[in-house]
Amino acid sequence: MSFVRSALLAAGLSSLAVAAHAGEVYAGIGLPGAMIGYAQPVSSSVTVRADVATLGRYSERRTEDGVPYEARIEAHRAGLFADWFVAGGFRLTGGLTFNDIGARLDARGDGVTAWEIGGTTVVASPDDRLQVKVEYPKTTPYLGIGYGHQAAGSGWGFVFDLGASIGKPKVTETHSGPNMALVPQADIDAEMAEVRDEVGKVKVIPQLSVGVNYRF
């Protein structure tokens, strides 16, 4: 009977200990941008949390393999994570990220500039257009290391994350216009293969962020 009472007491104390772990809000900056989130310790060694982050949207002009593009790039993501603390505030992190990350490259002819597409040179008219879309997967696994979010007393703290969401981007293209119609599809495919080779080198979405948290 004393064993049963002891077991019940231990279970009750454990439940109280978990309930006593107050949650926290946190904010950070770095990659993947400005971030805000909420973390909830569930034990002295495990915390679960969720956050959203964004780099916003920006545009730039760039030339890829002889074709001048107007590039529009945007990056937003949400994440669900579990932290396992291995030494003090240092932890291993796993989870999932839900992404809206990609780029749109838009090339429009001006009737003067020659485009090199595969093995074909074409002077693109104002009616000629080549669009390339680069998209990372909508859902990706995340692995990383970090510091912070552990169960502790109330107040301010420091958080740090280094990791990556793992996923290879997809590249697609569309084209139109009278001169683009003269370019063999094999040359367009060769152009896209070069873009895929460049983009394919980046098979992860990195995270490197620092921030502060406040525990209630």
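I call a residue buried when its relative accessible area is under 20%, exposed when it is over 50%, and partly exposed in between, using a 1.4 Å probe and protein chains only. I am working from a predicted model, in which local features need pLDDT of at least 70, side-chain atom pairs count only at pLDDT 80 or more, and totals for chains, interfaces and linings use all residues. Residues are numbered from 1 along each chain as its sequence is written, and side-chain values use heavy atoms, with hydrogens and water left out.

**Whole chain**

I looked up the secondary structure and found 2 helices and 12 strands. Helices (H or I, at least four residues) and strands (E, at least two) are DSSP runs, numbered from the N terminus. Along the sequence I read the pattern α-β-β-β-β-β-β-β-β-β-β-β-α-β. Of the 216 residues in the chain, 38% are buried.

**S125**

I found S125 in the loop between β7 (120-123) and β8 (129-135). Is S125 buried or exposed? Its relative accessible area is 15%, so S125 counts as buried. I then listed its contacts (heavy atoms within 4.5 Å). Leaving aside neighbours within four places in sequence, S125 meets G109, D110, G111, P178 and N179.

**V112**

V112 sits in the loop between β5 (90-108) and β6 (114-117). I noted V112 as exposed because its relative accessibility is 66%. Not counting residues up to four places away in sequence, V112 touches V123 and A124. I also checked V112 against V122: they are 10 residues apart in sequence, and their C-alpha atoms are 9.8 Å apart.

**I145**

I placed I145 in strand β9 (residues 139-147). Its relative accessibility is 43%, so I145 is partly exposed.

**Cavities**

I looked for cavities, a cavity being a set of points on a 1 Å grid over the protein atoms alone where a 1.4 Å probe fits but cannot get out. Grid points are joined across faces, edges and corners, and a volume is the space filled by probe spheres set on the points. How many cavities of 30 Å³ or more are there? I counted 2 of them. The largest cavity has a volume of about 60 Å³. Its lining residues (those with an atom within 4 Å of a point) are Y26, A27, G28, M35, H149, V159, F160, D161, S209, V210 and G211. The elements giving two or more residues to this lining are β1 (24-31), β10 (155-166) and β12 (204-215).

Technical notes. 1 Å grid on protein atoms, 1.4 Å probe; cavity = no way out; pocket = protein on both sides within 12 Å on 5 of 7 lines; lining within 4 Å.
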